[in-house]
Amino acid sequence: MLVLLAALILSGPAFAQEPAARPDEPLASPGAEARAQRLFTVVRCVVCQHESIADSPAGIAGDMRRLIREEIAAGATDQQVRDDLVRRYGDYVLFTPPVRTGTWLLWFGPGLLIVLGAGALFVFARRKPAETAPLSPEEERRLADLLQSETVRPDPDASAPHDGR
């Protein structure tokens, strides 16, 4: 009884894994299968997210391929298939989402950031540097006294800005 319980506990992770995807069955018509293959490349796998369902080994990608083939076999157009996938999974399922109010930031956000950055650079480049007021005669005298005194020594490694070097 204890051995049977241990075997059941140890085999739990094997039962928890996703079952292997059924092999894809192509459509009978070569034209319809070519349409399905084109659609596979523009639809994003919702698990892998960076792969099309044509390249993804995930089980959901296989289910999505089967769904597309079934809809094409039922006479749906490519746009109807895309619309059904968007209805089921959202705009993200397409590698090229449609331009709508909800996707404006996705489509126009990068360009807007570039325009705003260029505008900020232009404004900062045109800004005049702050001018410093010249030293008063009293400040110049105090500076000369400080430089002549023993407490402040010039840096031996420093050079005058225009000494010809």
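The side chains of Arg 35 and Asp 78 meet in a salt bridge, with N and O 2.8 Å apart; a salt bridge is here a side-chain nitrogen of Lys or Arg within 4 Å of a carboxyl oxygen of Asp or Glu. This pair links distant parts of the chain, since Arg 35 belongs to helix H3 and Asp 78 to helix H5 (residues 78-89), 43 residues apart. Helices (H or I, at least four residues) are DSSP runs numbered from the N terminus. Arg 35 is partly exposed, its relative accessible area being 23%; buried denotes under 20% relative accessible area, exposed over 50%, and partly exposed the range in between (1.4 Å probe, protein chains only).

The model is a predicted one, in which local features need pLDDT of at least 70 and side-chain atom pairs count only at pLDDT 80 or more, whereas totals for chains, interfaces and linings use all residues. Residues are numbered from 1 along each chain as its sequence is written, and side-chain values use heavy atoms, with hydrogens and water left out.

In total, the structure holds eight salt bridges. One of them joins Glu 33 to Arg 69, with the closest N and O atoms 2.8 Å apart. Glu 33 lies in helix H3 and Arg 69 in helix H4, so the pair ties together parts that are 36 residues apart in sequence. Both partners are buried: Glu 33 has a relative accessible area of 12%, and Arg 69 has one of 7%. When residues up to four places away in sequence are not counted, Glu 33 touches Pro 26 and Leu 27 as well as Arg 69, contact being defined as heavy atoms within 4.5 Å.

Another salt bridge is formed within a helix. The side chains of Asp 145 and Arg 141 meet at 3.0 Å, N to O, and both residues lie in helix H7 (residues 137-148), four residues apart, or about one turn of the helix. Asp 145 is partly exposed at 43% relative accessibility, as is Arg 141 at 44%.

The loop between helix H3 (30-42) and helix H4 (59-73) contains Ala 54. This residue is partly exposed, with a relative accessible area of 34%. Leaving aside neighbours within four places in sequence, Ala 54 is in contact with Phe 40, Thr 41 and Arg 65. The C-alpha atoms of Ala 54 and Met 64 are 9.7 Å apart in space, the two residues being ten residues apart in sequence.

Methods:
Helices (H or I, at least four residues) and strands (E, at least two) are DSSP runs, numbered from the N terminus.
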